[in-house]
Amino acid sequence: VRMARCAWGRLRSMAAASSTVHRLKVTLRRVRPPVWRRIEVRSTTNLYQLSAELEAAMSWDGGHLHSFDVAGEIYQLPSEEYFGWRPINDERKASVAKVLTRVRMKLRWDYDFGDGWEHDVVVEAIEPAAGEVLYPRCIAGRRAGPPDDCGGPWGYASLLDALGDPAHPEHESMLEWAPEGFDPAHFDPKEATEAMRTAKPWTLY
């Protein structure tokens, strides 16, 4: 009987999660002016897929290692190449609903360990899914995400200085290096939403 009750409890939790969405605010650390997104994802989304949707929302190219840190618990793809001192949880087996159980909870999402991009992901709401809405979606945000491989927050600050000053000695070279048409002030939630809905996790191993 006890086992049956536990199984029923798990089924009820899964059913509840399948009908809810998490509204998350994603903020890139140590970058000024601030770069942030407000997104909505289904609560049943696993962290493996969430990583792809976060990359799309922030305009990262993907293909770099990433991890989630939830109050010291690390989630990422298991790999023989991992040399960290803390045990790893398989991100494919953990849903958003499992690790972010209430409003105002947060996690840190790290992208590209070489450049060291760190993002704060905060739960703003957990609400019933709207029947007419297609998820995931981005509903707000500010400024373009930095180009991949620009050297982390400090490298990006230098890039912005060079791009914004025609008299800067590296202005021309940085114009050539930056993605074509790159505008650090540009952000369109519709473009981010389209990217999120086609986002697929990179298979690194």
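Here is a short chat about reading a pocket, a helix and a loop residue in this predicted model.

Student: What should I know before I start?

Tutor: This is a predicted model, where local features need pLDDT of at least 70, side-chain atom pairs count only at pLDDT 80 or more, and totals for chains, interfaces and linings use all residues. Residues are numbered from 1 along each chain as its sequence is written, and side-chain values use heavy atoms, with hydrogens and water left out.

Student: How many helices and strands are there in the protein?

Tutor: Helices (H or I, at least four residues) and strands (E, at least two) are DSSP runs, numbered from the N terminus. Here you get six helices and eight strands, and along the sequence they read α-β-β-α-β-β-β-α-β-β-β-α-α-α.

Student: What is the volume of the largest pocket?

Tutor: Rolling a probe the size of a water molecule over the atoms shows where empty space is left. On a 1 Å grid over the protein atoms alone, a pocket is an open set of points where a 1.4 Å probe fits, with protein on both sides within 12 Å along at least five of seven lines; lining residues have an atom within 4 Å of a point. Points are joined across faces, edges and corners, and the volume is the space filled by probe spheres set on them. For the largest pocket that comes to about 340 Å³. Of its 22 lining residues, Ala56, Ser59, Ala144, Gly145 and Glu191 are the closest to the centre. Helix H2 (47–58) and helix H6 (189–197) each supply at least two residues of the lining.

Student: Is H2 mostly covered or exposed?

Tutor: Buried means under 20% relative accessible area, exposed over 50%, partly exposed in between (1.4 Å probe, protein chains only). H2 is mostly covered, with 11 of its 12 residues buried, including Leu47, Tyr48 and Ala56.

Student: What happens at the start of H2?

Tutor: Look for a polar contact: a pair of N or O atoms within 3.5 Å, where, within protein, one must be able to donate a hydrogen and the other to accept it, and residues adjacent in sequence count only if both atoms are side-chain atoms. A side-chain oxygen of Asn46 comes within 3.1 Å of the backbone nitrogen of Tyr48.

Student: Where is Asp188?

Tutor: Asp188 sits in the loop between helix H5 (171–177) and H6. Asp188 is partly exposed, at 25% relative accessible area, and its side chain reaches the backbone nitrogen of Lys190 at 2.9 Å.
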